[in-house]
Every structure is written in structure tokens, then in C-alpha cells.
Amino acid sequence: YLGFNNLGPNGIGALMAVLWDNETLTSLHIYHNNIGNAGAGKCAEAFRHNRSLQELDLSANDIGNSGMTKIADALKINQSLQVLKLYKNNASDAGAEKFALALTENTSLQRLYLGSNAIGDDGAQKFIESIGENCALRSLDLYGNRVSQSLQTKIKGLIAAPKMQPIWRQLLPE
């Protein structure tokens with residue numbers, strides 16, 4: 001837990017250099033460190049190579065859409081990360097779209113937290129279009145964005161649907 005240390009892009013770069021080949025660290029919380037888009041790029045590059053990290057918290061780091069895009073692109077390659085927290089950054093619909101596309105290729109991410117950003121219904125719709133491709137996703141938090149309740153409910157239903165399939169198979173005659 002390294003939150004509130006004002007690491008900035010340079011400090012996070014040094015930390016991420018260690019993460020490249022680390023095989024034991026499974027959880028890293030670096031929230032509120034002012035890493036910005038440059039630091040997000042360094043994080044993304046590190047977890048393209050890392051195979052042990054399962055949880056990463058980059059909340060409240062002033063990461064905009066360009067940093068979000070780098071992180072989303074890294075998710076296409078990384079298959080160990082299960083929880084990604086990006087609360088209170090500057091993601092908009094464009095950033096959400098990149099994550100939605102990444103979810104069609106990533107099979108490990110189970111929980112994605114994008115609460116309190118600037119995502120609207122357009123970004124939420126992109127998740128709706130791609131969620132069926134990723135059976136691993138079990139939670140998508142868009143609370144505190146500009147997403148309508150109806151789309152949030154639809155997303156929750158789509159995420160829950162794969163879990164219900166074994167039950168439906170038992171209940172429905174063939």
C-alpha cells in the first residue's frame with residue numbers, strides 16, 4: 001500500500017521497473033500519487049510483462065483518456081490481473097470504450113472499478129456490446145458517472161448471465 005506518497009510519474013517509473021520481472025507481488029495499491037498519463041503509461045508497460053500481479057489500484061491519480069488507453073491496451077496482453085481500480089480519474093466515454101474493447105481479449109479481469117469518472121451512456125453502451133465476449137468479468141463499477149440507471153441495470157444483468165447458465169441448463173428441458 002503506497003497511497004498518498006506523491007510518487008509522480010518519475011517515482012512510479014522506478015517502482016514499475018521493479019515490477020517488470022517480479023514474480024511474487026500480487027497486490028499493489030498506488031492511489032493518490034499524481035502519476036498522470038505519463039505514469040499510467042509506465043504502469044501499463046510494466047503489467048504487460050508482469051505475470052504475478054492480481055490486483056492494482058490506480059485510483060485518484062489524474063489519469064486521463066490517453067493514460068486509460070495505455071492501461072486498456074496492456075489488459076489485452078496481461079492475463080494475471082483480476083482486479084483493477086481506477087476510481088476518480090478523468091476517464092470519459094473514450095476511455096471507457098478502450099476498456100470495453102480490451103475486455104474482448106482479456107480473460108482474467110474479474111472486477112473493474114471505474115466509479116466517479118466522467119463516463120456517460122455512450123461509454124456504458126460500449127461495455128454492453130463487449131461484455132458477452134469476456135466470461136471472467138464479474139463486477140463493473142460505474143457508480144458516480146453519468147450512466148443512466150437502465151444501462152447500469154443492463155450491465156449487471158449481462159455480467160450475471162454467465163453465472164446463471166448452469167442453473168438454466170438444469171431447469172430447462174433439452
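This briefing describes the fold, the helix contacts and a few individual residues of one protein chain. The model is predicted. The chain has 174 residues and contains 6 helices and 5 strands.

**Overall dimensions and burial**

- The radius of gyration of the protein chain is 16 Å, which agrees with the value near 16 Å for a compact globule of 174 residues.
- Along the principal axes, the C-alpha trace spans about 60 × 35 × 25 Å.
- Buried residues make up 45% of the 174 in the chain.
- Taking contacts between residues at least 6 apart in sequence, 84% join residues at least 24 apart.

**The sheet**

- The 5 strands form an open sheet with parallel pairing, and their order across the sheet is β1-β2-β3-β4-β5.
- The edges are taken by β1 (27–29) and β5 (139–141); each has a single partner strand, so one side of each is left without a neighbour in the sheet.
- On average, neighbouring strands of this sheet are turned by 0° against each other, with direction ignored.
- Strand β2 (residues 55–57) and strand β3 (residues 83–85) run parallel and are joined by 3 bridges.
- D57 of β2 has K85 in β3 as its bridge partner.

**Helix α1 against helix α2**

- Helix α1 (residues 8–19) and helix α2 (residues 36–49) have axes that come within 9 Å and cross at roughly 0°.
- An angle under 35 degrees counts as roughly parallel, so α1 is roughly parallel to α2.
- On the α1 side the contact involves P9, N10, I12, G13, M16 and L19, and on the α2 side A38, G39, K42, C43 and A46.
- Sorted by class, the residues of this contact are 7 nonpolar, 3 polar and 1 charged.

**Helix α3 against helix α4**

- The axes of α3 and α4 lie 8 Å apart, and the two helices pack at an angle of about 0°.
- That angle makes α3 roughly parallel to α4.
- From α3 (65–75), the residues N65, M68, T69, I71, A72 and L75 meet A94, G95, K98, F99 and A102 in α4.
- The contact of α3 with α4 has 7 nonpolar, 3 polar and 1 charged residues.

**Helix α4 against helix α5**

- Helix α4 (residues 93–103) packs on helix α5 (residues 121–130) at an angle of about 5°, with the axes 8 Å apart.
- That makes α4 roughly parallel to α5.
- The residues of α4 in this contact are D93, A96, E97, F99, A100 and L103, and those of α5 are D121, D122, G123, K126, F127 and S130.
- By class, the contact of α4 with α5 divides into 5 nonpolar, 2 polar and 5 charged residues.
- F99 is listed in the contact of α4 with α3 and also in the contact of α4 with α5.

- Y31 is placed in the loop between β1 and α2.
- The relative accessible area of Y31 is 21%; buried means under 20% and exposed over 50%, so Y31 counts as partly exposed.
- Beyond its neighbours within four places in sequence, Y31 is in contact with Y1, L2, G3, F4, D57, S59 and N61.
- One of these partners, D57, is the residue bridged to K85 in β3.
- N34 is also found in the loop between β1 and α2, and its phi is positive, near 50°, in a residue other than glycine.

**D62, in the loop between β2 and α3**

- D62 sits in the loop between β2 and α3 (65–75).
- The phi of D62 is positive, about 55°, although D62 is not a glycine.
- Most residues other than glycine have a negative phi.
- From C-alpha to C-alpha, D62 and Y31 are 10 Å apart in space, and they are 31 residues apart in sequence.

**A161, in helix α6**

- A161 belongs to helix α6 (residues 149–171).
- With 21% relative accessibility, A161 counts as partly exposed.
- The C-alpha atoms of A161 and G132 are separated by 9.1 Å, and the two residues are 29 residues apart along the chain.

Notes. Residues are numbered from 1 along each chain as its sequence is written. This is a predicted model: local features need pLDDT of at least 70, side-chain atom pairs count only at pLDDT 80 or more; totals for chains, interfaces and linings use all residues. Side-chain values use heavy atoms; hydrogens and water are left out. Axes are lines fitted to C-alpha atoms, for helices over the stretch in contact, and angles run from 0 to 180 degrees between N-to-C directions. Helices (H or I, at least four residues) and strands (E, at least two) are DSSP runs, numbered from the N terminus. Angles under 35 degrees count as roughly parallel, over 145 as roughly antiparallel, 65 to 115 as roughly perpendicular and the rest as oblique. Contact means heavy atoms within 4.5 Å. Ala, Val, Leu, Ile, Met, Phe, Trp, Tyr, Cys and Pro count as nonpolar, Asp, Glu, Lys and Arg as charged, and the others, Gly among them, as polar. Two strands pair if DSSP finds at least two bridges between them. The radius of gyration is taken over C-alpha atoms; the globule rule is 2.2 Å times the number of residues to the power 0.38. Buried means under 20% relative accessible area, exposed over 50%, partly exposed in between (1.4 Å probe, protein chains only).
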